[in-house]
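Subject: A structure for you to explore

Hi there,

Here is the structure I promised to pass on to you. Have a look at it first, and then read on for what turned up.

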2 protein chains.
Amino acid sequence: MPYDPSAFPPFAVTVDLVVLTVRKDALYALVVRRGEPPYQGRWALPGGFVRGDEDLEEAAARELTEETGLRSQALEDQDAGAHLEQLATYGAPQRDPRMRVVSVAYLVLAPDLPAPTAGGDARSARWASTDTLLGAGDGSGWEVEQQVPLAFDHDQILRDGVERARSKIEYSSLATAFCPPEFTVGELRRVYEAVWGVALDPRNFHRKVTGTPGFLVPTGGTTTRQGGRPAQLFRAGGATLLNPPMLRPEV
Amino acid sequence: MPYDPSAFPPFAVTVDLVVLTVRKDALYALVVRRGEPPYQGRWALPGGFVRGDEDLEEAAARELTEETGLRSQALEDQDAGAHLEQLATYGAPQRDPRMRVVSVAYLVLAPDLPAPTAGGDARSARWASTDTLLGAGDGSGWEVEQQVPLAFDHDQILRDGVERARSKIEYSSLATAFCPPEFTVGELRRVYEAVWGVALDPRNFHRKVTGTPGFLVPTGGTTTRQGGRPAQLFRAGGATLLNPPMLRPEV
DNA sequence: ACAATAGTGTCTTTCAGACAATATTTT
DNA sequence: AAAATATTGTCTGAAAGACACTATTGT
């Protein structure tokens with residue numbers, strides 16, 4: 001098939017965002033309520049069209065700022081801003097009933113607290129527990145709200161994003177993206193526990209993370225915001241690769 | 001920005017393939033020579049437009065068959081066919097000088113031997129060492145041919161594909177995708193050595209892979225195709241996850 | 001006999017996981 | 001004092017890396 005750009009089928013290209021944060025010892029995702037059909041009134045991942053002159057990652061960063069007020073720290077940039085990386089691309093022919101839409105999904109990891117709907121067009125946005133969104137209820141049925149699945153194929157996208165986050169904190173320092181600039185070992189451990197949904201031994205965890213050169217840098221300060229004995233404060237060190245990795249217990 | 005499908009900017013969507021194989025104890029990629037501008041005469045990754053009614057992975061599998069005669073074993077399917085998985089998506093505004101093209105790259109891992117250009121429109125295709133293609137020459141300068149970089153941003157796509165293959169064989173059984181249906185432990189080890197570009201201890205490697213339950217299944221047969229003492233033949237077992245992983249030595 | 005590859009066993013070191021014990025705060 | 005969290009240390013078992021040794025072929 002000769003490469004004939006004049007005869008290509010027309011596509012719309014969008015970016016969708018899986019924005020994850022840790023709060024209340026659980027993993028939460030940002031969702032927005034759809035104001036128009038299709039899937040009107042349903043929750044969906046934030047996102048929007050890629051403009052004609054912008055790169056994909058630019059579009060993702062723009063949508064992120066528009067819908068949450070967060071700035072991204074695309075790739076290498078150190079401080080200030082959430083981690084942003086490409087997740088995967090979804091392009092089933094009928095995933096949008098109106099037309100052919102290919103969506104490039106991005107994963108954003110952010111510390112807690114950015115109040116949802118800081119600005120932009122998302123008339124109603126909220127953080128929702130990923131367990132609830134994905135129907136991973138424990139069967140007790142108390143989590144009544146939000147059993148309606150997400151719009152489009154956003155269930156699958158969210159699932160892929162959560163799995164990416166879960167596996168990537170094993171061998172990288174990415175878990176620190178869920179923490180404020182300065183944090184304690186205990187806070188970092190609670191991130192791992194929330195993302196993996198397991199309990200980790202505080203003592204072994206402490207030994208592991210403080211014993212990995214370049215992973216954590218002590219700032220000198222201490223805090224007692226968790227109660228109990230004051231804990232040292234750390235910043236994320238330069239090391240982005242965790243070797244040997246911290247493996248999830250007992251899958 | 002209201003979700004207005006009637007006003008979307010027009011994009012072309014293509015798939016590009018990073019087809020990797022191991023031969024002569026090195027990692028090779030499939031490249032095709034471009035017959036028309038832009039980048040006429042340059043080598044490029046195989047690929048083409050996504051049709052209006054096909055899924056992205058379908059398009060990748062179709063291009064793969066058209067350009068190599070290989071069948072893919074998308075995802076779970078066991079035997080018969082190369083491994084195919086989505087790699088990443090590239091959409092910089094000027095990556096194709098003619099128009100806005102977003103390309104979804106797929107990674108294909110295949111055993112050796114499929115003679116290139118089994119069929120289709122690629123008038124000239126060949127296997128090229130990834131080291132040569134990516135300019136990782138050792139400085140001795142004997143690899144004269146092919147210092148011209150690949151067309152478009154295919155250098156970056158190839159680099160990403162190679163890195164994905166390198167990291168994924170650490171914690172999965174994916175290295176078996178480079179092997180024929182039946183293979184020896186030594187052949188599997190040479191795959192790891194070629195992909196990582198390191199030497200592994202044959203004895204420790206043997207202990208590791210045969211000691212991981214479900215990773216290798218003995219077929220009963222033996223072969224002597226490598227010379228020396230006959231080696232047991234194995235098939236890939238059901239286990240797709242390698243735990244604990246086989247870590248690359250000494251990055 | 002010799003070279004080449006396959007496979008087993010042994011030793012040392014590293015590290016994960018279990019858990020005792022101590023330290024420093026709030027209530 | 002009691003409860004909560006942080007931190008250090010000790011022990012055990014699993015596994016990686018180094019490497020001696022045996023096994024079975026081709027030349």
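A residue counts as buried when its relative accessible area is under 20%. With a relative accessible area of 8%, A:Arg95 is therefore buried. Please keep in mind that this is a predicted model.

**Salt bridges**

What does A:Arg95 form a salt bridge with? Its partner is A:Asp153, and the closest N and O atoms of the two are 2.8 Å apart. A:Arg95 sits in the loop between S5 and strand S6 of chain A, while A:Asp153 sits in the loop between helix H2 and H3, so this pair ties together parts that are 58 residues apart in sequence.

Over all chains, a search of the whole structure finds 30 salt bridges. Another of them brings together the side chains of A:Glu85 and A:Lys168, at 2.6 Å from N to O. Because A:Glu85 belongs to strand S5 and A:Lys168 to helix H3 of chain A, the parts tied together here are 83 residues apart in sequence. A:Glu85 counts as buried, at 9% relative accessibility, whereas A:Lys168 counts as partly exposed at 22%.

A further salt bridge joins the side chains of A:Glu187 and A:Arg225, with 2.5 Å from N to O. This pair links distant parts of the chain, 38 residues apart: A:Glu187 is in helix H4, and A:Arg225 is in the loop between strand S8 and strand S9. A:Glu187 is buried, with a relative accessible area of 11%; A:Arg225 is partly exposed, with 47%. Elsewhere, salt bridges that share partners connect A:Arg51, A:Glu54, A:Arg62, A:Glu63 and A:Glu66 in one network.

**Around DNA strand C**

Now to the DNA. There are 21 residues around DNA strand C, and those that come nearest are A:Arg203, A:Asn204, A:Lys208, B:Arg203 and B:Gln232. Of the atoms of DNA strand C that come within 4 Å of the protein, 51% belong to sugar and phosphate.

Which part supplies the largest share of the surface near DNA strand C? That is H5(A), with four residues. From chain B, helix H4, helix H5 and strand S9 each supply at least two residues. By class, this surface has nine charged, eight polar and four nonpolar residues.

The bases are contacted too. A:Asn204 has a polar side-chain atom 2.9 Å from a base nitrogen of DNA strand C. For B:Arg229, a polar side-chain atom lies 3.0 Å from a base nitrogen, and for A:Arg207 one lies 3.2 Å from a base oxygen.

How values were computed: Residues are numbered from 1 along each chain as its sequence is written. Chains are lettered from A and ligands numbered from 1 in the order in which they are written. This is a predicted model: local features need pLDDT of at least 70, side-chain atom pairs count only at pLDDT 80 or more; totals for chains, interfaces and linings use all residues. Side-chain values use heavy atoms; hydrogens and water are left out. A salt bridge is a side-chain nitrogen of Lys or Arg within 4 Å of a carboxyl oxygen of Asp or Glu. Buried means under 20% relative accessible area, exposed over 50%, partly exposed in between (1.4 Å probe, protein chains only). A residue is near a molecule or strand if one of its heavy atoms lies within 4 Å of it. A polar contact is a pair of N or O atoms within 3.5 Å; within protein, one must be able to donate a hydrogen and the other to accept it, and residues adjacent in sequence count only if both atoms are side-chain atoms. Ala, Val, Leu, Ile, Met, Phe, Trp, Tyr, Cys and Pro count as nonpolar, Asp, Glu, Lys and Arg as charged, and the others, Gly among them, as polar.
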